[in-house]
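The following questions and answers concern the terms used to describe a protein structure. Each answer sets a value against its definition.

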Amino acid sequence: MERVIFVEVLDRRGRVRLRVRLDSYPVTIGRAYTNSIILDDKRVCPEHVRIARDDDGSLFAEDLGSVNGMYQPDPLKRLQRIEVRPDTHIRIGHTVLRFRDAEFSVAPTLAEQKEWKRLPRLIKNSYTAVGIFLLCLGVLMLDFYLGSYERITPANVLGVFFATLMLFTVWAGIWSFVNRLLTHHFRFLSHVALAGIVLVLYTVVAAAVEYYEFLYEPGAVADGLELTMLTLLFFLLLFGHLSIIASLSLRKRTLAALLVAVGIFGTIGFMTYLERTEFSHAIASPARLKPVGKNALAPVPAEAFFSDLKTIKLKIDREAADE
């Protein structure tokens with residue numbers, strides 16, 4: 001009974017592109033259509049290598065006088081003939097061949113990975129993802145409008161709009177490129193929608209922290225709260241992108257996102273702490289001024305404003321006289 005082997009054609013990353021079963025010999029490998037294994041490699045001869053059985057029953061591969069020869073990949077060494085054993089590698093042209101026996105033990109079966117189902121399922125739909133992104137963009141533009149204390153002009157609005165759109169495009173484009181390399185799908189709209197959701201959450205968190213500093217005395221508590229919330233949001237952003245790609249297990253996605261987020265914002269917090277000085281020539285503001293956005297309130301006429309000031313001044317003068 002002939003020995004059964006498999007010839008695997010590997011790409012540059014060592015992944016199998018082609019797997020061929022051999023159970024009768026001799027066979028040839030090359031570019032010509034007369035071969036048992038046909039390679040699409042211009043540096044491989046029409047008939048490059050022959051695999052045959054030796055007198056003692058072992059298999060060997062020999063170079064058929066090719067132009068570029070046959071090599072052992074690691075360490076690189078030119079060969080005229082080599083015995084075919086389990087896991088033998090040879091290189092011909094720019095192609096690496098690996099030989100495996102039928103008894104080769106494959107890796108254990110991977111269990112189906114748990115996915116972060118609800119949100120990815122929602123934003124994997126192109127129309128839903130576009131709708132979510134446009135809604136998030138509208139929220140960000142509204143925040144800009146309400147938080148601005150300068151005259152709003154079309155040029156300002158368009159500038160902020162296109163700057164935000166460019167930020168989303170570049171960030172989502174990077175993740176889409178990674179997505180394409182790992183899964184052969186871009187999923188650009190899904191990455192854009194996720195970035196929009198997290199940026200809206202950041203806007204809400206930033207406003208909440210600013211109001212906390214406005215209502216209470218700012219300090220280490222407010223700084224620590226802000227840094228913690230930023231770390232959490234960045235973790236959610238990274239975890240979400242990795243979940244869309246879905247090439248890692250839930251544990252690996254969580255660990256990778258957590259390590260990167262804590263590493264980045266931990267370093268930022270530590271550097272900020274080191275740069276603090278006890279004495280400064282600048283006058284420190286005891287609180288961050290965070291009134292309600294002017295565009296959300298009706299304007300007050302100047303006469304009414306100064307009339308209220310006079311009333312307040314008289315009240316303060318009376319209280320001071322009583323004391």
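Q: Which residues are linked in a network of salt bridges?
A: In this predicted model, the network of salt bridges links Glu8, Arg19, Asp87, Arg98 and Arg100. The structure as a whole holds 11 salt bridges.

Q: On what basis do the values rest?
A: Residues are numbered from 1 along each chain as its sequence is written, and side-chain values use heavy atoms, with hydrogens and water left out. As the model is predicted, local features need pLDDT of at least 70 and side-chain atom pairs count only at pLDDT 80 or more, while totals for chains, interfaces and linings use all residues.

Q: Why is the contact of Arg98 with Glu8 called a salt bridge?
A: The term requires a side-chain nitrogen of Lys or Arg within 4 Å of a carboxyl oxygen of Asp or Glu. The closest N and O atoms of Arg98 and Glu8 are 2.7 Å apart, so the pair qualifies. The two residues belong to distant parts of the chain, Arg98 to strand β11 (residues 95–101) and Glu8 to strand β1 (residues 5–10), and are 90 residues apart. Strands here are DSSP runs (E, at least two residues), numbered from the N terminus.

Q: What makes Arg98 and Glu8 count as buried or exposed?
A: Buried means under 20% relative accessible area, exposed over 50%, and partly exposed in between (1.4 Å probe, protein chains only). Arg98 has 14% relative accessibility and therefore counts as buried. Glu8, at 4%, therefore counts as buried too.

Q: Why is Arg15 called partly exposed?
A: Its relative accessibility is 44%, and therefore Arg15 counts as partly exposed. The side chain of Arg15 meets that of Asp11 in a salt bridge, at 3.2 Å from N to O.

Q: What makes β2 and β8 edge strands?
A: Two strands pair if DSSP finds at least two bridges between them. Six strands form an open sheet in the order β2-β1-β11-β10-β7-β8, with antiparallel pairing. Strands β2 (16–22) and β8 (77–79) each pair on one side only, and they are the edge strands.

Notes
Helix = DSSP H or I, 4+ residues; strand = E, 2+ residues; numbered from the N terminus.
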